[in-house]
Structure formats: structure tokens, C-alpha cells
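Let's take a short tour of a protein chain, one piece at a time. Have the sequence and the 3D view ready.

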Amino acid sequence: MANRKSLLVLLFLLASWITFTVFKNSTKIWTALRLPITLHHWNLVMKSPCPEVPLHPVVSSAETELRIKRITGKLDQLIPPRPFTHMNTTTSAAHSTATILHPRDAYCRGDRLDVVLEGRDHLGRRKEYGGDFLRARMSSPALKAGASGNVTDYNNGTYLVSFTLFWEGWVSLSLLLIHPSEGASALWRARNQGYDRVIFTGQFASGTSHVDTDCALVLNSSTELCEYLDAQDQEAFYCVRPPHMPCAALTHMHSKNKDVSYLSKQEWSLFERSNVGVEIMEKNVISVSKCNRKTVPVKKKCKFGMTSTIPGGHVWKETWNPVSCSLAPIKMKECLTGKFVYLMGDSTVRQWMEYFKNSINTLKSVDLHESGKFQHQLAVDLDKNINIQWQKHGYPLIGSLTYSVKEIEYIARVIDRTGGEKNTVIVISLGQHFRPFPIDVFIRRALNVHKAVQRLLLRSPDTMVIIKAENIREMHGDVERFSDFHGYVQYLALKEIFQDLNVGLIDAWDITIAYGTKSVHPPQSVVRNEVNILLNYIC
């Protein structure tokens, strides 16, 4: 009996100890018990017969770096190194020959006209490799008509230039040698060598004190730095930290060109004014007639998602006419009723904002209490429920006039917080401010915007997203920083990056070549036609 009592006491003490231990470590044990169940449930979800696409597809930084490397590698193949020892060995517009294939006294509207270009150097010797940066255009100034030509590089010094004869009348053919292959190669090498062609100056404010310091995408300094990091996409901008001020005190920014070049003195000779944009086809005018051909079939109205062509269209009486579809006249105010239009990017899409405000007299600008050249703009029509806004993209943002950075953010983050739906329209324009920097900066930004758009279209597939390609600009300006060669490389990269998404493209590159514009900010007629393409997509 005593042994039985002793056993019961021991069992009671053991039970009490187990209870105390369980209570003391209940959180840990419960977690341990639940963990396999949670994982099992997750596995069931992942293995369901109708798996859902993850709302936020994860693209690792390693994968992003790999894509940057892959795209840069493709561009490297397009622009191989072309070192030269003397100007005489470079492509000469005067010595190169452009020959019209199967020439005729008159041509018919709709015909294709081909020109063979045989590149020669300044000594008249045939070039044995391609890579010249050429621009082909046909025009009839009296008709205010123009179109780009398509250039095929055979990589042996020979090129095929094709023109589609869109209209009747006297047509001038032009083929410009913007840069010889040696110049294009030099610009490509120089571009990817340094981040310091533009100096940024940040203004820090604390109370009544204001301090200016150096800022940059890459800053080599032994002093303490402020890092302005986008943690999600790992894009950063840096400023030298002023003494006794926090990094959050950065309020304004401006920039100026730095007296630095990565081109040799010999290479610079390629970019003298007389060597940039030289005409190869002097005095080439042809006659185009209707030729009593059957009436051209009526084209379908342009709509979102149509495949683009080269050339994408032509200008006639200052109006853009696409090749594969027709643009209908759209009543802007009716089209935009109930719409939220987000314009994001540089000042070439800010021109759209100004055009909207000038075209709809009931749009009222809202004072957002910002200042400076790049201030956020918002215009609304409360009766028609129209909301249009423009917002600048994140660093780098080049401007000699001081602008506020209190509210600056990357486009990807703006897209991530946008709900999106069928009445939401997003227009993105990137390019001009990235030209002075190595190409990886632009590719990384474009990829990050691509990922944000991908996430947006997963959660709100009815949202309309439009990519506005960058346009051509002044030809004889700051060539090393802003040559159209840099813009063309970015144009190719942008189309490569966004080709897998259901987004629209407004090919401002092709349009501005057709118009023959020579300004970073195209004239109103170009803006009007770009906006008309947008309206046809929306309505």
C-alpha cells in the first residue's frame, strides 16, 4: 500500500512538472506544432489544380543583374569596338555612294524604293565593316509631309535603305551620316566609362542654415555620405553629408555639366560640327504619282496592342498617319470623362500635361504647394471626373534650375501604390536624362519599371499602360552627353524590355524623325499627334 502511495505521489509530481514546462514554453511549443501544419497548407495551395499567379512576382537582384548583363551584351554586339588611327580611315559622306535600285522617271504611290549605300572612307576606299549611325528620311516640305526610312546594315560596309512612297508629289530623299561607325564606337565606350559628366549639387536646409554639397549616382569621397536608397529595387543616389545636418534635410537639387571627357582628342575630331549629320544623298528628288491604282482599303481604327512597324507611319499636312491602322478624330473631353491619367517621366511627357490643360478649358490646375521647374502638376474637371497629373521620374534628373526633391520618388514606387482599373491610364516616358550615364543605369531603371507594371497588370489587368519612347533632339549640341546615338541605344533597349507585356507604345522616335524635328521638346503639332494616338488607344 505504501509503495502504491509513493508511486501516485511520483506520478503527480511528474504531471505537475510537465504541466509547468508546457505552460512556460507554450508559445515555442505551439509554434513548433503549428509550423508543419502551416507549411502543409501552403504546399496544398501551391499544388492546387488552378494555381494563382503571385500578386507580387519576385525578381531577385541577381536575376536583374543577369538581365542587365544580357541586354548590354546584345548592345555590345551591335556596337563593336572600332579603333582608328586617322580621320582618313573613317566613313566619309562625300566619298560614300548611294544608288537607287531600278531607278525610274516616275514612281507610284505605295511603291517601295530601295537605295544601296556603299560606305567609303576619306581616301575613297570601301569600308569593310558596318556600324555607321545613319538616319533616312523622305519629305515634301510644301505638303508638310515626311516619313522615316528603314536602314538594314549588312555589317560589311554596305547598307540597304528602304522608303515607302506614302504620298504623291515631289519627294526629297535624305540619308544623313550622323556618326561614322568609329564615332559610334567611341561614344559607346566613353559612355560606359564614367558617371561624372554631370555634377549634381544638393541643398540641405536646417532652420535658417543652408548648405550645398556634391551629389551623384556614384560618389567617390572619403567623407560621410548620405545614401538615398530605394530598398526594393536597390537603386541609390548619394550626397556628401553636411556637418551637423541629417540626411533627411536634403530639399533641393540642380546640376551642371562637368569639364570631363572620356573621348580622346583624336576622337573628338569626329564630332566637330562639320562631321555630324552630313548628307550623303545630295539633291535626290523623285516624282510620285497615283498611277490609277485601286483605292487603298480602309484601315481599322488604331487600338491598344497593335503591332508596330518600321516605319510606323508618315506625316501628311502635319498629321500623323499610321501604316497599319487609322487614327479617328476624338473629342478629348468626352474621351477623358471619368478617367485618371497619370503622366510619369521627363519634360517631353510634361508637354502633354500642358497640352491637356490648354485644350480642355474646364480643367483646373490644383496648387500642390510645390515649386520649381519639375513640380508635380495636377489638373481636374470635377463635373466630368477628369483627373490628369504629371510627376517627374527619380534620379538622375538633370536641370540647371533648382528643383525640389522633397517629394521625389521612383516611378516603380508610384505604380506600386496605384490601384489601377479600366479607367486608369498610365503613360511612362524615360530617356533624355539618362543619356549622359552608363547604359546600365537606364536598363536597370527600365527593368524596375517593367516589374512594377507587371505587378500592376496582375492585380488590375484592365489598367492601360502606355510607353512613350524618347524623341530625337538637337544634332549639334553636347554630343558626348546627349547624342541621339545614346537615345537610339536606349530606344532599342526599351523595346526589348517591354515586349512581353500588354502595353501600348507611342513611337516618338519614329514620329519625330518623320516630322524632322530638331529639338528635345518637339513642336505643338507633334505633341498634338502623340496625344491623339493616346486618345485612340483609350476610346
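A residue counts as buried when its relative accessible area is under 20%. Keep in mind that this is a predicted model.

## Helix α11

With that cut-off, α11 turns out to be mostly covered, as 11 of its 15 residues are buried. Among them are F485, Y491, L494 and F498. The helix runs over residues 484-498 and reaches 21 Å from its first C-alpha to its last, close to the 21 Å expected at 1.5 Å a residue.

Now look at the start of α11: a side-chain oxygen of S483 comes to within 3.0 Å of the backbone nitrogen of F485.

## A sheet of 6 strands

Next up is an open sheet, with its strands in the order β11-β12-β10-β9-β13-β22 and antiparallel pairing. β11 (225-230) and β22 (403-404) stand at the edges with a single partner strand each, so one side of each has no neighbour in the sheet. In general, strands of a sheet pair through backbone hydrogen bonds.

Zoom in on one pair: β9 (residues 198-206) and β10 (residues 209-216) run antiparallel and are joined by 7 bridges. Here S206 stands opposite S209 in β10.

Is Q351 buried or exposed? Its relative accessible area is 17%, so Q351 is buried, because buried means under 20%. You'll find Q351 in helix α7 (residues 347-359).

Which residues does Q351 touch, leaving out those up to four places away in sequence? They are H521, P522 and V527.

Technical notes
Residues are numbered from 1 along each chain as its sequence is written. This is a predicted model: local features need pLDDT of at least 70, side-chain atom pairs count only at pLDDT 80 or more; totals for chains, interfaces and linings use all residues. Side-chain values use heavy atoms; hydrogens and water are left out. Helices (H or I, at least four residues) and strands (E, at least two) are DSSP runs, numbered from the N terminus. The expected span of a helix is 1.5 Å times one less than its number of residues. Buried means under 20% relative accessible area, exposed over 50%, partly exposed in between (1.4 Å probe, protein chains only). A polar contact is a pair of N or O atoms within 3.5 Å; within protein, one must be able to donate a hydrogen and the other to accept it, and residues adjacent in sequence count only if both atoms are side-chain atoms. Two strands pair if DSSP finds at least two bridges between them. Contact means heavy atoms within 4.5 Å.
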